[in-house]
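Happy to walk through this one with you. Let's take the labels one at a time and ask what stands behind each.

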Amino acid sequence: MSTESTSTESTSTDLRETVRERYAAAAVQVTEGGTACCGPAAIEVDENFGGTLYAADERDQLPAEAVAASLGCGNPTAVADLHEGERVLDLGSGGGIDVLLSARRVGPTGKAYGLDMTEEMLALARDNQKKAGATNVEFLKGTIEAVPLPAHTIDVVISNCVINLSTDKPAVFAEMFRVLTPGGRIGISDVVADDALTPEQRAERGDYVGCIAGALSFTEYRDGLSAAGFTDIELTPTHTVADAMHSAIVRATKPVTAGDH
């Protein structure tokens, strides 16, 4: 192994640990009665991130702690068009808001999985699950680059402002494709950069933990999903979160003819 690849792996591990520590702190803060946000400080909240992006009736249906721990840049359950009986996976499920909303939409014959790498967030999410009385929910510990579920077992993958935090996005796209059933789909909220912005310019606009520095451009995102095997790829910007960087809805489908890609 070259020194360069060792150094890159070390940087990726360091970044992941930085993200984990910040999200752990956010979970603890919520557990102790505060609020959290995906931003330079765990408690920084503005209208571009967090629970305010959910409709009041959705927020009212859930434990206050699930809403307070929302760190996302959108509302993927509103764009995923979930149906009764479907199996849903939320990548980077945090305090569980999107999992609990999904569980209500797919009903008792469906199932909602949440995947998170942070023990503190998983503890908070399981607490919120009990408070919500959700029985068709399961929270799993793991990373979004190595999903602990078998191939072809999920109908819909959702995620809320988490994929941009990954240092290995091709692995995330490949894992989404692997776990989906043929004909399955993704409905994701994520931060996406204008094609004109260089990685350096993206980094100037926010750190990794702040959800911005790791963002792909629109073309990179589309190409990455296409390379993983997805079709019907759509990226729709919804609101600006920094200069030339947007919260966007990302949709794509795993072809019905697809095997284990």
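What follows is a set of questions and answers about this predicted model.

Q: What makes up the fold, and how much of the protein is buried?
A: The protein has 9 helices and 8 strands. Of its 261 residues, 55% count as buried. The protein exposes about 10,800 Å², and carbon and sulfur atoms supply 52% of that area. Among contacts between residues at least 6 apart in sequence, 71% join residues at least 24 apart.

Q: Why is Asp-116 called buried?
A: The cut-off for buried is under 20% relative accessible area. Asp-116 has 8% relative accessibility, so it counts as buried. This residue is found in strand E2, a strand that is mostly covered, with 5 of its 6 residues buried.

Q: Which residues does Asp-116 touch, beyond those up to four places away in sequence?
A: Asp-116 touches Gly-92, Ser-93, Gly-94, Met-121, Leu-122, Leu-140, Lys-141 and Gly-142. Lys-141 in E3 also stands opposite Asp-116. Gly-96 is 20 residues from Asp-116 in sequence, and their C-alpha atoms are 9.6 Å apart in space.

Q: What makes the pair Ser-93 and Asp-116 a polar contact?
A: A polar contact needs N or O atoms within 3.5 Å, one able to donate a hydrogen and the other to accept it. The backbone nitrogen of Ser-93 lies 3.3 Å from a polar atom of the Asp-116 side chain, and that distance falls within the 3.5 Å limit.

Q: How do you know that E2 and E3 are paired?
A: Two strands pair if there are at least two bridges between them. Strand E2 (residues 111-116) and strand E3 (residues 137-141) are joined by 5 bridges, so the pair meets that requirement, and the strands run parallel. One of the opposing pairs is Ala-112 with Val-137 of E3.

Q: What joins E1 to E2, and which way do they run?
A: Again there are 5 bridges, and E1 and E2 run parallel. Leu-91 has Leu-115 of E2 as its bridge partner. Together with H5, these two strands make a right-handed β-α-β unit.

Q: Why does the description "largely enclosed" apply to H7?
A: Of the 11 residues of H7, 9 are buried, so this helix is largely enclosed by the rest of the structure. Among the buried ones are Lys-169, Glu-175 and Arg-178, along with Phe-173 and Met-176. The cover over the buried residues includes E1, E4, E5, strand E6 (216-217) and H9.

Q: What gives the most to the largest nonpolar core, and which residues touch the most other members?
A: This core has 32 residues, and Leu-89, Met-176, Ile-186, Tyr-221, Leu-225 and Phe-230 touch the most other members. Elements that each supply at least two core residues include strand E4 (154-160), helix H9 (218-228) and strand E7 (231-242). H7 gives the most, with 5 residues. In soluble globular proteins, nonpolar side chains tend to be buried together.

Q: Which residues does Ile-186 touch, leaving aside those up to four places away in sequence?
A: Ile-186 touches Val-157, Met-176, Leu-180, Leu-225, Phe-230, Val-250, Arg-251 and Ala-252.

Q: Why is His-246 called buried?
A: His-246 has a relative accessible area of 15%, and buried means under 20%, so the label applies. This residue is found in strand E8. Leaving aside residues up to four places away in sequence, His-246 touches Asp-190, Val-191, Val-192, Asp-194, Phe-218, Pro-237, His-239, Thr-240 and Val-241.

Q: What does the side chain of His-246 make with the side chain of Thr-240?
A: The two side chains make a polar contact, at 3.5 Å.

How values were computed:
Residues are numbered from 1 along each chain as its sequence is written. This is a predicted model: local features need pLDDT of at least 70, side-chain atom pairs count only at pLDDT 80 or more; totals for chains, interfaces and linings use all residues. Side-chain values use heavy atoms; hydrogens and water are left out. Helices (H or I, at least four residues) and strands (E, at least two) are DSSP runs, numbered from the N terminus. Buried means under 20% relative accessible area, exposed over 50%, partly exposed in between (1.4 Å probe, protein chains only). Contact means heavy atoms within 4.5 Å. Accessible areas come from the Shrake-Rupley method with a 1.4 Å probe; for residues, only the protein chains shown count as cover. A nonpolar core is a set of buried Ala, Val, Leu, Ile, Met, Phe, Trp, Tyr and Cys residues joined through side-chain atoms within 4.5 Å. A crossover is right-handed if, with the strands pointing away from the viewer, the path from the first strand over the helix to the second runs clockwise.
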